[in-house]
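Could you walk me through a few helices and aromatic residues in this protein?

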Amino acid sequence: MSTPSPAQTPGSTLPQEALGARPGPHSVLFKVLSAALSGGLLVVLFAAIIPKVADFDSVWDSLAQLRPSAVLLLLVLAVAIRLLLAQAYTVLTPGLSLLRSLIAREASSAVSNVVPGPSGTASQFVILRSWGVSVELFTRATIAVSVTTDVLIFAGPGIAFVAWAVVGMPAAPGGDHAWAFGLAAVVLAVVAVVLVAAVARSERLAAALGRVCQACVNPLRRLVGKPPVTTWPDRSVAVRADTIAVLRDHGSALLACIVGGYVINGFLLVLCIWACGVSWDEMPLTLGILLYTIGRISTVVSITPGGVGVVEIAYSTVYIAVLGDSTHDAVVAGVLLYRALTYLLPIVTGAAAYLAWRLMRRHEEHEVLTPATTPGVGT
């Protein structure tokens with residue numbers, strides 16, 4: 001039986017482009033404009049913003065003081081994050097090995113960090129589809145991972161604030177106002193948890209949420225000449241049902257991967273800032289993690305590939321606002337080091353993963369096309 005092409009697959013809750021369909025002209029234009037925006041933001045980041053809050057020479061001096069042992073530890077943590085992200089898909093996809101999931105995930109991350117839109121998801125699907133992963137399994141896994149990650153991102157600041165409060169709200173002199181960030185984080189976390197719990201309990205509320213989001217998006221779509229969407233209420237109900245089913249069957253393992261990656265990301269950023277010159281007294285661990293969770297909210301909606309330009313500014317602003325002006329250079333250096341490990345590194349590993357996939361597929365196709373030689377009579 002032939003398998004329908006992604007563009008012909010009915011009922012998918014992912015964009016058809018994310019399932020391998022060719023992008024339309026508007027999508028291509030958006031990618032070009034977004035890529036130009038990314039380049040512009042990088043120029044603004046390095047030419048205008050960083051010089052306002054830090055000195056390039058001081059930033060370089062902070063990076064130059066890194067010890068080899070610290071760099072090795074940071075690389076290990078960055079690799080652990082990549083492995084956990086790949087493991088989340090193996091948990092939800094029967095028969096998918098960690099190696100194949102890692103290859104697909106790294107290649108898709110490289111594309112997402114360079115090309116805007118769902119191009120990274122499309123790349124991941126194409127690679128996994130070549131190894132027999134169905135559209136249905138891929139869609140369910142992708143939605144479950146995305147929903148779980150987003151809920152954690154909004155709930156994380158409240159959890160981190162409670163942990164910081166339990167240990168006595170440690171902060172350097174002048175950083176006591178961090179509690180204001182924490183209070184806002186708690187409110188956001190409570191709203192997120194209550195909303196998620198309500199949607200999980202009510203199919204009608206899920207449909208209503210889809211209608212509200214649809215009503216907010218359609219005016220923007222009309223501005224760019226796109227037809228209004230009408231399926232979001234049904235899609236919201238489908239996403240709710242799929243996510244509940246996935247969490248019921250694989251919730252513990254999935255949460256271990258998602259929460260593990262989220263926490264290690266926080267430790268990685270804090271360690272990068274410490275390694276670049278901010279002391280423990282200036283930024284205790286619990287405070288550093290709290291500020292990470294607040295800055296991480298900026299990654300929920302990426303207006304540029306990989307959030308480049310936006311994420312660096314968001315993290316630097318949050319940390320400097322609490323830690324003070326004296327930490328400008330070290331914070332900026334730490335954030336840039338962190339982004340080198342979480343933005344640039346996946347581009348390098350993704351290129352290697354894509355090459356590995358091409359070589360593996362060529363070998364697999366060669367084995368299929370080459371008939372087995374069975375010794376016969378007279379040979």
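Predicted model: local features only at pLDDT ≥ 70, side-chain atom pairs only at ≥ 80, totals over all residues.

## Thr148 in helix α6

Let's start with Thr148, which sits in helix α6 (residues 135-166). Is Thr148 buried or exposed? With a relative accessibility of 10%, Thr148 counts as buried, because the cut-off for buried is under 20%.

Which residues does Thr148 touch, leaving out those up to four places away in sequence? They are Leu247, Leu254, Leu255 and Ile258. A polar atom of the Thr148 side chain also lies 2.7 Å from the backbone oxygen of Ala144.

## The span of helix α3

Helix α3 covers residues 68-92, which makes 25 residues. At 1.5 Å a residue, helix α3 should span 36 Å, and its end C-alpha atoms are 37 Å apart, so the two values agree. Several residues of α3 are buried, among them Leu74, Ile81, Arg82 and Tyr89.

## Aromatic pairs

The model has eight aromatic pairs. One of them joins Tyr315 and Tyr338 edge-to-face, with 5.8 Å from centre to centre and 90° between the planes. This pair links distant parts of the chain: Tyr315 is in helix α11 (residues 310-323) and Tyr338 is in helix α12 (residues 328-369), 23 residues apart.

Tyr354 and Trp357 make a tilted pair, because their planes meet at 50°, with ring centres 5.7 Å apart. These two are three residues apart in helix α12, so about one helical turn separates them. Tyr354 is partly exposed at 43% relative accessibility, while Trp357 is buried at 9%.

How values were computed
Residues numbered from 1 in each chain as written. Heavy atoms only, no water. Helix = DSSP H or I, 4+ residues; strand = E, 2+ residues; numbered from the N terminus. Buried < 20%, exposed > 50% of the residue type's maximum accessible area, 1.4 Å probe, protein only. Polar contact = N/O pair within 3.5 Å; in protein donor to acceptor, adjacent residues only side chain to side chain. Contact = heavy atoms within 4.5 Å. Expected span 1.5 Å × (residues − 1). Phe/Tyr/Trp six-rings, centres within 6.5 Å; stacked < 30°, edge-to-face > 60°.
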